[in-house]
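This briefing concerns a protein model and the two molecules placed in it. Please keep the sequence and the structure at hand while reading the points that follow.

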Amino acid sequence: MADKFDVIVIGAGPGGYVAAIRAAQLGLKTACVEKWVNKEGKTVHGGTCLNVGCIPSKALLESSHKFVEARDHFAEVGIEVGDISTNVSKMLEFKQSVIAKNTGGISMLFKANGVTALEGSGKLLAGKKVEVTGHDGASETYEADNVIIASGSVPVNIPPAPLTDDIIVDSTGALEFTEAPKRLGVIGAGVIGLELGSVWSRLGSEVTVLEALDSFLPMVDAQVAKEAQKLLGKQGLDIKLGAKVTGSNISNGEVEVSYTDSEGEKTQTFDKLIVAVGRKPYTEKLLADDAGIALGERGFITVDDQCRTNVDGVYAIGDVVRGPMLAHKASEEGVMVADIIAGHSKAQMNYDAIPSVIYTAPEVAFVGKTEQQLKEEGVEYKTGSFPFSANGRALANNAPEGIAKVIADANTDRILGVHILSQHAGELIAQAVTAMEFGASAEDIGLICFAHPTTSEAIHEAALAVDGHAIHMANRKKR
Ligand code: FAD
Ligand code: AMP
């Protein structure tokens, strides 16, 4: 038997690496097992998020957005750039360099905090032992007082569209296209489908998104979702709702996709097809038969509010457990669990204040409840909205699209949800999360002094609008 640790974390994604760093900071002897190897055969930390998720997708979204800004909008503000073009290989190179900086940073943080990085595949055995099988096939077993499982998730595949080497790909393949495909199909109008569809549409692809559901972004506040759908449509994304993909057939280097919609069976041919129909928890070869960990619905590891599994001293966090599949949710669970292990038994996280961001242009960002959820729950509420077209900074930025919306409890005025569609909405939402964590009312936000000119002022105005008092909008409350 090799070393014994206070904590062994399996998986170094944003859940696992954060848990490991926090545990080490709290004085616990900590190891983190990671099996991800990059194309050079080197173990890399950071998981899905840093290698094939949040970070690389944002690099391509930002680069492609800058291109569209320069091509279509610079002239509007007096910058003549003439004909411009893209260099996709350079964009991919930049994206890779961003990945390398981020993943290298985690390895450096492990060293700085004294986290032992174990390279290879971790398997939880009975009695809180972890067997680590290295890339050379040799294995070693370590003991721990506590184990944190943070093995993450992988893309869902669907039988009608099995992946191929280069035509039908998942989100990982879609970050690697060496040129914009002429005709690009995307199955699934979820967050990932819309972000990747936007990247390639901006770089020149004709993009069709096939979505089985009849409604667009059902988890987003309906008013915001409707506006976002309109704007994405204007940008050239052909989003077909109620279109369920039933089959695909590859011939002559193209793929014919069959789908059904309200009018019956249809087909459409693409040069590339992205399958973006969601992600599923990843537990392959992770749990020995006698490890005793209970799995629940759809393969998620069953945990309580503090991420405890049914086995004493074994925790699970991030995408492999219930809740939104988001990097920051995984990280906060990592912090909570490390704190619990270090003796802060009451550590908890607020699952009601986890922000979500869709990095389209404009961005969609929200926290808390939507109007449709509150209606279903029978909660009485009031709303205030403010259009960015009436915000001075948004106009100066030549980015007047979108709205900010605050939803407050009709009786207590406590903020129940904030929904933003705008340039940099993902940054703006942080102040709404802060307000909600402090139990703020809409009036509280209305009484705060916001810097001018900022797009944040739209949130101020939306909060004032809850009671009909927005300054820069003709909405005076009749008394
Ligand atoms: P992961 O990041 O999946 O990490 C799990 C790690 O565990 C991996 O490194 C894996 O190799 C390792 N592992 C698994 N099993 C073992 C084992 N047995 N032994 C050793 N190691 C193991 N989220 C956001 O919040 N914002 C975004 O903008 C965003 N964009 C995304 C874009 C795309 C294209 C994708 C695919 C995802 C995106 N996500 C985003 C989701 C985000 O990536 C995940 O929610 C997040 O990575 C989950 O973190 P995790 O630590 O639970 O798991
Ligand atoms: P998300 O889970 O947010 O990544 O979104 C995935 C989307 O893919 C969901 O909106 C699903 O409705 C959609 N989806 C799943 N299967 C199919 C299918 N066969 N055809 C079209 N859309 C699908």
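Which polar backbone atom lies 3.1 Å from a nitrogen atom of ligand 2? The backbone atom belongs to A212, and, as this is a predicted model, that distance, like the other values here, is computed.

- The shell around ligand 2 holds 15 residues, of which G188, E211, A212, A243 and V245 come nearest.
- Sorted by class, the shell around ligand 2 is made up of ten nonpolar, three polar and two charged residues.

**Surroundings of ligand 1**

- Around ligand 1 there are 39 residues, and E34, T48, K58, G122 and A327 are the ones that come nearest.
- Oxygen atoms of ligand 1 take part in polar contacts with a run of residues in the chain: a backbone N or O atom of L326 lies at 3.2 Å, a polar backbone atom of A327 at 2.8 Å, and a polar side-chain atom of H328 at 3.3 Å.
- On its own, ligand 1 has 1000 Å² of accessible area, of which the protein covers 95%.
- At least two residues of this shell come from each of strand 2 (30-34), helix 2 (47-52), helix 3 (54-73), strand 4 (121-125) and helix 8 (327-341), and helix 2 gives the most, with four residues.
- By class, the shell around ligand 1 divides into 17 nonpolar, 17 polar and five charged residues.

- V130 is placed in strand 5, which spans residues 129-133, and V130 counts as buried because its relative accessible area is 0%, where the cut-off for buried is under 20%.
- Leaving aside neighbours within four places in sequence, V130 is in contact with residues that include I8, I10, V33, L124 and V147, and also with G122, K123, E140, T141 and Y142.
- V130 and V220 are 90 residues apart along the chain, and their C-alpha atoms are separated by 40 Å.

Notes
Residues numbered from 1 in each chain as written. Chains lettered and ligands numbered in written order. Predicted model: local features only at pLDDT ≥ 70, side-chain atom pairs only at ≥ 80, totals over all residues. Heavy atoms only, no water. Near = heavy atom within 4 Å. Polar contact = N/O pair within 3.5 Å; in protein donor to acceptor, adjacent residues only side chain to side chain. Nonpolar A, V, L, I, M, F, W, Y, C, P; charged D, E, K, R; others polar. Areas by Shrake-Rupley, 256 points an atom, 1.4 Å probe, with all protein chains shown as cover. Buried < 20%, exposed > 50% of the residue type's maximum accessible area, 1.4 Å probe, protein only. Contact = heavy atoms within 4.5 Å.
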